[in-house]
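This report describes selected features of one structure. It treats helix packing, charged side-chain pairs and a surface patch in turn.

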Amino acid sequence: EMGLLLTLKGFTAAIIGTLGNPFGAVVGGLMLGLVEALAIVFVSSGYKDVIAMVFLILIMIAIPNGILGRKGRAGG
């Protein structure tokens, strides 16, 4: 039953750092780990996973291409 949560966090790290960039996935994983560690300090540890998913949603809203993503081309 633990595999689903690990898969979801790995996918979250890849989305945060940009899906097509392996280095971006590493950066995304580090960012996700730091956010979770800080969440444990300031909020109950039970909300660690909730805060990680909220972080994913905020990144997707603010930077839809990911942290290391480029802007898409405009036009043809």
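## Helix packing, salt bridges and a surface patch

In this predicted model, helix 1 and helix 3 pack with their axes 10 Å apart and at an angle of about 30°. Angles under 35 degrees count as roughly parallel, and helix 1 and helix 3 are therefore roughly parallel to each other. The crossing in which helix 1 passes helix 3 is left-handed.

**Charged pairs**

Side chains of opposite charge can pair when their charged atoms come close. A search of the whole structure returns two salt bridges. One of them joins E36 to K9, with 2.8 Å between the closest N and O atoms. Because E36 belongs to helix 2 (residues 22-42) and K9 to helix 1 (residues 3-17), this pair ties together parts that are 27 residues apart in sequence.

K9 also forms a salt bridge with D49, and here the closest N and O atoms are 2.8 Å apart. This second pair links distant parts of the chain, since K9 lies in helix 1 and D49 in helix 3 (residues 48-62), 40 residues apart. Through shared partners, the salt bridges join K9, E36 and D49 into one network.

| Residue | Relative accessible area | Class |
|---|---|---|
| E36 | 12% | buried |
| K9 | 15% | buried |
| D49 | 27% | partly exposed |
| V54 | 42% | partly exposed |

The classes follow from the cut-offs: buried means under 20% relative accessible area, and partly exposed covers the range from there to the exposed limit of 50%. E36, at 12%, is therefore buried, and K9, at 15%, is likewise buried. D49, by contrast, counts as partly exposed because its relative accessibility is 27%.

**Nonpolar surface patch**

Which residues form a nonpolar patch on the surface? The patch consists of L38, V41, F42, V43, Y47, V50, V54 and L58, which together have about 820 Å² of accessible area. Helix 2 and helix 3 are the elements that give two or more residues to this nonpolar patch.

V54, a member of the patch, is placed in helix 3. At 42% relative accessibility, V54 counts as partly exposed.

Definitions and conventions
Residues numbered from 1 in each chain as written. Predicted model: local features only at pLDDT ≥ 70, side-chain atom pairs only at ≥ 80, totals over all residues. Heavy atoms only, no water. Salt bridge = Lys/Arg side-chain N within 4 Å of Asp/Glu carboxyl O. Helix = DSSP H or I, 4+ residues; strand = E, 2+ residues; numbered from the N terminus. Buried < 20%, exposed > 50% of the residue type's maximum accessible area, 1.4 Å probe, protein only. Patch = residues over 30% accessible without salt bridge, like charges linked within 9 Å, V, L, I, M, F, W, Y side chains within 5 Å. Areas by Shrake-Rupley, 256 points an atom, 1.4 Å probe, with all protein chains shown as cover. Axes fitted to C-alpha atoms, helices over the stretch in contact; angles between N-to-C directions. Parallel < 35°, antiparallel > 145°, perpendicular 65-115°, else oblique. Left-handed = near helix turned anticlockwise from the far one by under 90°.
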